[in-house]
Amino acid sequence: MPLAVDDLLRRWVEERAASLEPGDGEYAQFIADWLPLASSDDWHRMMLGYNRELGDAPLFWIMRQPRCEKATALGIFYLARPGLLLAYGIDRARVPEPMRRAYDLIGEIRMRYVNGFYRTSTLRFDTVEALAREARLPARFDQKALDLLIPPEMRVSIPGRKLGLQYGVRNHFRLDAPLGAR
């Protein structure tokens, strides 16, 4: 059973506080407090520069929000490297343990996207670039398996505003960030 969103962030803050890295707990608490107050543009910028080694809870939180932009959901989806999961099909039990959080993230975004959960679409997203740079598709793959993993509607680019990157919450965002969504 999935955790409630607030519980997910609370547990993430507790995990980061137990980290040996100095400042991780304070950073996680700051992010958990900041997310509900931030704009959807801020969430998109955060997604572009987020360090997934810190855990996926903030990304899960963002993609579960009704005001999450389609481009942000797609960005999270593609940065989770769906192509690496192609060989495992839809059977979660076959997915190696270290990849299960990405599998869950990808699966939940896919379900929400195809069911019309994401309605806001003001930001640009280049799926051709995302497929080439981020999806990590193998050189050869079965088209039917690809259609199950990345449905055709999630491979259509979205026209819209181009966000300029600003300084991030912990480190500055790189100007050469992936996905061409700047």
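Predicted model: local features only at pLDDT ≥ 70, side-chain atom pairs only at ≥ 80, totals over all residues.
1. Helix H5, residues 70-79, is mostly covered, since nine of its ten residues are buried. The buried positions are Ala71, Thr72, Ala73, Leu74, Gly75, Ile76, Phe77, Tyr78 and Leu79. What covers them includes helix H3 (40-49), helix H4 (57-63), H6, helix H7 (127-133) and helix H8 (143-149). H5 is followed by Arg81, a residue whose phi is positive, near 60 degrees.

2. The largest nonpolar core comprises 52 residues, and those with the most contacts inside it are Trp12, Leu35, Ile62, Ile76, Tyr78 and Ile109. Two or more residues of this core come from each of H1, helix H2 (24-34), H3, H4, H5, H6 and H8, and H5 gives the most, with seven residues. As background, nonpolar side chains in soluble globular proteins tend to be buried together.

3. Ser40 has its place in helix H3. Ser40 counts as buried because its relative accessible area is 17%, which is under the 20% cut-off. Leaving aside residues up to four places away in sequence, Ser40 touches Arg67, Glu69 and Thr72, and of these Thr72 is itself one of the buried residues of H5.

4. Ile158 lies in the segment after H8 and is buried, with a relative accessibility of 8%.

5. The whole structure contains 13 salt bridges. In one of them Arg10 pairs with Asp7, the closest N and O atoms being 2.3 Å apart; both residues lie in helix H1, three residues apart, about one turn of the helix. Arg10 is partly exposed at 42% relative accessibility, and Asp7 is likewise partly exposed at 23%. Another salt bridge joins the side chains of Glu97 and Arg100 at 3.0 Å, N to O, and here Glu97 counts as exposed, with 55% relative accessibility. Through salt bridges that share partners, Asp7, Arg10 and Glu14 are joined into one network.

6. The residue that follows H5, Arg81, also takes part in a salt bridge, in which its side chain meets that of Glu134 at 2.4 Å, N to O. This pair links distant parts of the chain, with Glu134 in the loop between H7 and H8 and Arg81 in the loop between H5 and H6, 53 residues apart. Glu134 is buried, with a relative accessible area of 5%, whereas Arg81 is partly exposed, with a relative accessible area of 21%.

7. The second largest pocket holds about 340 Å³ of space. Its lining is made up of 19 residues, and those that lie nearest its centre are Arg52, Gly55, Asp56, Arg101 and Ala102. Helix H1 (5-17) and helix H6 (100-114) each supply at least two residues of this lining, and the largest share, five residues, comes from H1. By residue type, the lining divides into eleven nonpolar, one polar and seven charged residues.

Methods
Residues numbered from 1 in each chain as written. Heavy atoms only, no water. 1 Å grid on protein atoms, 1.4 Å probe; cavity = no way out; pocket = protein on both sides within 12 Å on 5 of 7 lines; lining within 4 Å. Points joined across faces, edges and corners; volume = space filled by probe spheres on them. Helix = DSSP H or I, 4+ residues; strand = E, 2+ residues; numbered from the N terminus. Nonpolar A, V, L, I, M, F, W, Y, C, P; charged D, E, K, R; others polar. Buried < 20%, exposed > 50% of the residue type's maximum accessible area, 1.4 Å probe, protein only. Contact = heavy atoms within 4.5 Å. Core = buried A, V, L, I, M, F, W, Y, C linked by side-chain atoms within 4.5 Å. Salt bridge = Lys/Arg side-chain N within 4 Å of Asp/Glu carboxyl O.
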